[in-house]
There are 2 protein chains.
Amino acid sequence: MEKLEEKTLDSSAIFSGRVISLEVHEVELPNGRKSTREIIKHPGAVAIIALTPENKILLVEQYRKAMERTLVEIPAGKLEKGEDVMDSARRELEEETGYVCDSLEYVSGFYTSPGFADELVHIFYASGLTRKEDSAPLDEDEFVEVLELTLPEALEYVKNQKIYDAKTVYAIQYLQLREAEKKK
Amino acid sequence: MEKLEEKTLDSSAIFSGRVISLEVHEVELPNGRKSTREIIKHPGAVAIIALTPENKILLVEQYRKAMERTLVEIPAGKLEKGEDVMDSARRELEEETGYVCDSLEYVSGFYTSPGFADELVHIFYASGLTRKEDSAPLDEDEFVEVLELTLPEALEYVKNQKIYDAKTVYAIQYLQLREAEKKK
């Protein structure tokens, strides 16, 4: 919709870090007035919904510095430069959980915080999981604890806000919906 | 889990804007090594799943500067300082769509991008909608186009990536699940 467009009048690069960068754009609004937009650039990420051979959901607990607490999330990670999203999903699954999968199915993608960031997360459903003994190591600044939960247990974690992030509540709903479809 | 904790050794405030601020923390990792974390602070937000009297989903299209495109999203907005989340949800629903609601039910909350931001979105389900003639105005830098879609139409929008953000794909799934529960 062209009439909603905001034209860039000027932009400043404020910060460029290891993961994100920050820009401030001066924009012309649809009514001709001016405003500013604060924008975070992010490389994008993948996240994996995966059930173990025992039909449990694979999750990882990790410390999230932005909230100063741990969260229980589906395995996920940033895209590496030039990396294919499917390769990335397989890599993250193995690095974070020690599992490899037979097949990967694309579920959905979404921007996590469209109001201020361009982070796009690609969600996959992995099946045919097997544990690998000598799995690929984690990034050197990553420390995670693997959890395997049944769907009712995961719903309890959502209720208690231990599972409390967008991609993981989406994943739990996706599995609930899958269950509901099966029962039809 | 204490063993996953990252201790703050130092923190620098890099930027403080209208909406977000950016900090860089120097941390001590669980293995004693050092790393840095880039953190975005955000006031938090509310988002509203609402069906019109015609059983259509209320959505708004708006330009998202971070992606340089429009997205179709459920009504949402930032929390104002000290504002109650329910008041905020009612306010945003009215400002963005011109509808007021009889009742609001808390659905869920989630961090949108726990890897780098503390943004927490609270999702509500609004019912008993009525159109208000002289509704509260939008913020002066907000321009939105209201859409009303059936669930199958919304699923088509997801497929075409016109609906492409976390809270809205979550909302669509929530409504699908509600439908599936009803059919039981």
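Predicted model: local features only at pLDDT ≥ 70, side-chain atom pairs only at ≥ 80, totals over all residues.
The predictor's confidence in the model comes first. Chain A has a mean pLDDT of 95, and 99% of its residues reach 70 or more. For the complex, the predictor gives an ipTM of 0.95 together with a pTM of 0.96.

The relation between the two chains can be described quite simply. In general, two copies of a chain are related by a rotation about an axis and a shift along it.

Within chain A, two domains are assigned: domain 1 covers residues 2-41 and domain 2 covers residues 45-183. Their C-alpha centres are 31 Å apart. Five residues from domain 1 of chain A and four residues from domain 2 of chain A make up the contact between them. On the domain 1 side of this contact in chain A, three residues are nonpolar, two are charged and none is polar.

The strands of chain A come next. Strands of a sheet pair through backbone hydrogen bonds, either parallel or antiparallel. Strand β9 of chain A (residues 120-131) takes part in pairings of both kinds. With strand β4 (residues 45-50) of chain A, β9(A) pairs in the parallel sense over six bridges, and A:Ile49 stands opposite A:Tyr125. With strand β8 (residues 99-111) of chain A, β9(A) pairs in the antiparallel sense over 11 bridges; there, A:Phe110 stands opposite A:Val121.

Chain A also holds an open sheet of three strands in the order β6-β5-β10, with antiparallel pairing. Strands β6 (69-73) and β10 (144-149) of chain A are at the edges with a single partner strand each, so one side of each has no neighbour in the sheet. From one strand to the next, the twist averages 25°. Strand β5 (residues 57-64) of chain A pairs with β6(A) over five bridges in the antiparallel sense, and A:Val60 has A:Glu73 as its bridge partner in β6(A). Helix α2 (residues 151-159) of chain A packs on this sheet and touches β5, β6 and β10 of chain A. The direction of helix α2 of chain A makes about 125° with that of β10(A).

Conventions: Residues numbered from 1 in each chain as written. Chains lettered and ligands numbered in written order. Pairing = 2+ DSSP bridges. Helix = DSSP H or I, 4+ residues; strand = E, 2+ residues; numbered from the N terminus. pLDDT = per-residue confidence, 0-100. Domains from an automatic or database assignment. Contact = placed C-beta atoms within 7 Å. Nonpolar A, V, L, I, M, F, W, Y, C, P; charged D, E, K, R; others polar. Axes fitted to C-alpha atoms, helices over the stretch in contact; angles between N-to-C directions.
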